Amino acid sequence: MSRTPLPLNAGDISAFARSLRSQLADCERTPSHVELLNMLARSAGCRNFQHLRAQLVARDQLDGPKPTPAPVDYVQVRRLARLFDANGHLLRWPTKFSQRAPCLWVLWSRIPPRQTFTEKQINKLLLANHLFGDHALLRRELYDNGLVTRSMDCREYRRIERQPPPEVCALIRHLGMREQPERIENGHGPRPKQKDATVMR
């Protein structure tokens with residue numbers, strides 16, 4: 001029979017530990033499962049386990065139904081992942097329009113948030129994250145797709161905070177897991193060695 005998981009939150013872990021230790025010290029034998037649940041609930045500030053469960057149920061009812069996560073097309077994620085090498089570098093500019101936006105989102109995710117970059121700095125970051133040598137194309141596409149903002153004189157760039165689509169989130173997670181340890185984080189450091197790759201326009 002499946003059980004609904006009940007989270008246990010303690011505002012102060014030190015106070016939680018002291019309360020639990022005191023209750024265990026007062027117990028002359030090993031507490032039963034129910035007794036231990038009550039001790040944990042009291043340590044978290046509730047009267048007992050039933051009170052803890054009632055509080056969580058009432059909170060969920062007040063919060064309303066949780067939105068259903070959007071489905072992820074993992075077949076598409078796998079196709080998109082092939083556009084990147086083992087270190088997460090974009091190998092080429094996709095010919096398909098439907099593949100370009102996800103690639104730009106990946107580059108967007110590697111731009112540190114809430115920071116302003118000069119054109120030279122944004123170019124260096126982009127160069128460190130792709131292998132076909134056209135940072136100007138990527139910089140322009142990021143701006144045209146509303147992922148970065150730039151000053152009127154085009155000297156300063158800043159990431160626009162937006163929520164990526166579900167497939168993009170899955171792609172970013174996948175690339176992050178498969179990147180090798182020597183991966184240069186956020187484009188800082190020397191430019192990666194260029195490979196023979198044709199710019200696909």
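P94 is buried, with a relative accessible area of 0% (buried means under 20%, exposed over 50% and partly exposed in between, using a 1.4 Å probe and protein chains only). The model is a predicted one, in which local features need pLDDT of at least 70, side-chain atom pairs count only at pLDDT 80 or more, and totals for chains, interfaces and linings use all residues. Residues are numbered from 1 along each chain as its sequence is written, and side-chain values use heavy atoms, with hydrogens and water left out.

P94 sits in the loop between α4 (74-81) and α5 (97-109); helices (H or I, at least four residues) and strands (E, at least two) are DSSP runs numbered from the N terminus. L83 is eleven residues from P94 in sequence, and their C-alpha atoms are 7.8 Å apart in space.

Now for the strands. E156 is the bridge partner of T118. Three bridges also join β3 to β2 (residues 148-150), again antiparallel, and here R158 stands opposite T149. The β2-β3 hairpin has five residues between its strands, and C154 takes a positive phi near 60° there.

Conventions: Pairing = 2+ DSSP bridges.
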